[in-house]
Amino acid sequence: MVTLNFPRELRLLTPTQFKNVFEQPFRASTPEITLLARKNDLEHPRLGLTVAKKYLKRAHDRNRIKRLVRESFRLSQHALPACDFVFVAKAGIGKLDNATFRQTLEKLWQRHIRLAQKS
């Protein structure tokens, strides 16, 4: 049975885990979003989020973006390769509505799936 939960094991938690992804990542990006990935030694993907105050001043705006990314990851986790992913928000991310944001994120997940199949 496939579970679509988001437990602690699927999260990047420590600065060392984030730093590992930032060193030599595979990148997929749009003008508003960058999605970095790096293979891990586990059998499942993990997700880390970085949404800076520089681009979204209000906490509820940052929380909306993080909530949408976590939900997208939760639904896509079984199709994703065993990589550590870091979501990086860039300028203009607050102007995206939820539907556009979800579509953009889905395209980035698909791009990472294709990159993993090639390598």
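## Terms and model

Contact means that heavy atoms lie within 4.5 Å. Helices (H or I, at least four residues) and strands (E, at least two) are DSSP runs, numbered from the N terminus.

This is a predicted model, in which local features need pLDDT of at least 70 and side-chain atom pairs count only at pLDDT 80 or more, while totals for chains, interfaces and linings use all residues. Residues are numbered from 1 along each chain as its sequence is written, and side-chain values use heavy atoms, with hydrogens and water left out.

## Helix 2

Helix 2 covers residues 59-76. At 1.5 Å a residue, its 18 residues should span 26 Å, and its end C-alpha atoms are 26 Å apart, which agrees. The expected span is 1.5 Å times one less than the number of residues.

The buried residues of helix 2 are Arg62, Arg64, Ile65, Leu68, Val69, Ser72, Phe73 and Ser76. Buried means under 20% relative accessible area, exposed over 50%, and partly exposed in between (1.4 Å probe, protein chains only). Seen down the axis of helix 2, the buried residues fall within an arc of 160 degrees, so they line one face of the helix. The arc is that of the directions from the helix axis to the C-beta atoms. These buried residues pack against strand 3 (46-50), strand 4 (83-89) and helix 3 (98-118).

## Helix 3

The 21 residues of helix 3 should span 30 Å at 1.5 Å a residue; the end C-alpha atoms are 31 Å apart, which agrees. Buried in helix 3 are Phe101, Thr104, Leu105, Leu108, Trp109, His112, Ile113 and Ala116. They pack against strand 1 (26-29), strand 2 (33-39), strand 3, helix 2 and strand 4.

## Aromatic pairs

Rings of Phe, Tyr and Trp (its six-membered ring) pair if their centres lie within 6.5 Å; planes under 30 degrees apart count as stacked, over 60 as edge-to-face and the rest as tilted. The structure holds 4 aromatic pairs. One of them is the tilted pair of Phe73 and Trp109, at 5.8 Å centre to centre and 55 degrees between the planes. This pair links distant parts of the chain, with Phe73 in helix 2 and Trp109 in helix 3, 36 residues apart. Phe73 is buried, with a relative accessible area of 0%, and Trp109 is buried, also with 0%.

Phe87 and Phe101 form an edge-to-face pair, 6.1 Å centre to centre and 80 degrees between the planes. Phe87 lies in strand 4 and Phe101 in helix 3, 14 residues apart. Phe87 and Phe101 are both buried. Phe6, Phe73, Phe85 and Trp109 form one aromatic cluster.
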